[in-house]
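Student: I would like to learn how to read a protein model. Could we go through it feature by feature?

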Amino acid sequence: MISPQRIAIQTALQSKCNYLVGAVLTDGKKKILAKACNKTNSHPKGSGIFSTAHSEMNCLFKYLRLNNQKIRGHLYVARVSKTLRFGLARPCPDCWRLLQSVGIKQVVYTSPEGWRKEMVV
């Protein structure tokens, strides 16, 4: 079985953005519920660094479109360079609020030093 962390890395590598970020939602027991990478936003006002849709939001919205319930699972987020070095992938404040509102219990994300875990309060 492939780990959620590995799937998050593979998903990040599918991104066409400057920063490669992937997210994987699990049920808390490592069953994959959804996955998504960050994508270029097609909104006409989007430009520069503000023109991407975050992988966390894409992943959660993908799940919520098909399931109308609180998730209570874990989210794994990976940011990698094209040379496969980890970058900091801690969710931004907007993504963090979304994690809280849908019931995510824990987020696991990359940092330059490796993987970090945080409980979502």
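Predicted model: local features only at pLDDT ≥ 70, side-chain atom pairs only at ≥ 80, totals over all residues.

Student: How do the axes of helix α2 and helix α3 cross?

Tutor: Helix α2 covers residues 55–66 and helix α3 covers residues 93–102. Their axes come within 10 Å and cross at roughly 25°. Angles under 35 degrees count as roughly parallel, and α2 and α3 are therefore roughly parallel to each other. The crossing is left-handed.

Student: Which residues in α2 and α3 meet?

Tutor: An α-helix has 3.6 residues a turn, so residues three or four places apart point the same way. In this structure, α2 brings Glu56, Met57, Leu60, Phe61 and Leu64 to the contact, and α3 brings Asp94, Cys95, Leu98, Leu99 and Val102. By class, the contact of α2 with α3 has 8 nonpolar and 2 charged residues, with no polar ones.

Student: What makes up the largest nonpolar core?

Tutor: In soluble globular proteins, nonpolar side chains tend to be buried together. Here the largest nonpolar core has 20 residues. Those with the most contacts inside this core are Leu25, Leu60, Leu75, Val77, Leu99, Ile104 and Val107. Two or more residues each come from β1 (20–26), β2 (32–37), α2, β5 (74–80), α3 and β7 (106–111). The largest share, 4 residues, comes from α3. There is also a second, separate core of 10 residues, which includes Ala8, Ile9, Ala12 and Val80.

Student: Which residues is Leu75 in contact with?

Tutor: Set aside the neighbours of Leu75 within four places in sequence. Leu75 is then in contact with Ala23, Val24, Leu25, Glu56, Cys59, Leu99, Ile104, Gln106, Val107 and Val108.

Student: Is Gln106 buried or exposed?

Tutor: Buried means under 20% relative accessible area. Gln106, in strand β7, has a value of 13% and is therefore buried. Not counting residues up to four places away in sequence, Gln106 touches Gly73, His74, Leu75, Lys117, Glu118, Met119 and Val120.

Student: How many residues of helix α1 are buried?

Tutor: Helix α1 (residues 4–12) is mostly covered, with 7 of its 9 residues buried. These are Pro4, Gln5, Ile7, Ala8, Ile9, Thr11 and Ala12. Their cover includes β1, β2, β5, β6 (86–87), β7 and β8 (114–119).

Student: Is Arg6 buried or exposed?

Tutor: Arg6 is in helix α1. Arg6 has a relative accessible area of 51% and is exposed.

Student: What is there to read at Cys92?

Tutor: Cys92 is in the loop between β6 and α3. With a relative accessible area of 23%, Cys92 is partly exposed. Leaving aside neighbours within four places in sequence, Cys92 is in contact with His54 and Glu56.

Student: What is the phi of Arg72, and what is the phi of Leu84?

Tutor: Most residues other than glycine have a negative phi, and most peptide bonds are trans. Arg72 has a positive phi of about 55° although it is not a glycine. Phi of Leu84 is also positive, near 70°. Arg72 is found in the loop between α2 and β5, and Leu84 in the loop between β5 and β6. Arg72 is partly exposed at 48% relative accessible area, whereas Leu84 is exposed at 53%.

Notes
Residues numbered from 1 in each chain as written. Heavy atoms only, no water. Axes fitted to C-alpha atoms, helices over the stretch in contact; angles between N-to-C directions. Parallel < 35°, antiparallel > 145°, perpendicular 65-115°, else oblique. Left-handed = near helix turned anticlockwise from the far one by under 90°. Contact = heavy atoms within 4.5 Å. Nonpolar A, V, L, I, M, F, W, Y, C, P; charged D, E, K, R; others polar. Core = buried A, V, L, I, M, F, W, Y, C linked by side-chain atoms within 4.5 Å. Buried < 20%, exposed > 50% of the residue type's maximum accessible area, 1.4 Å probe, protein only.
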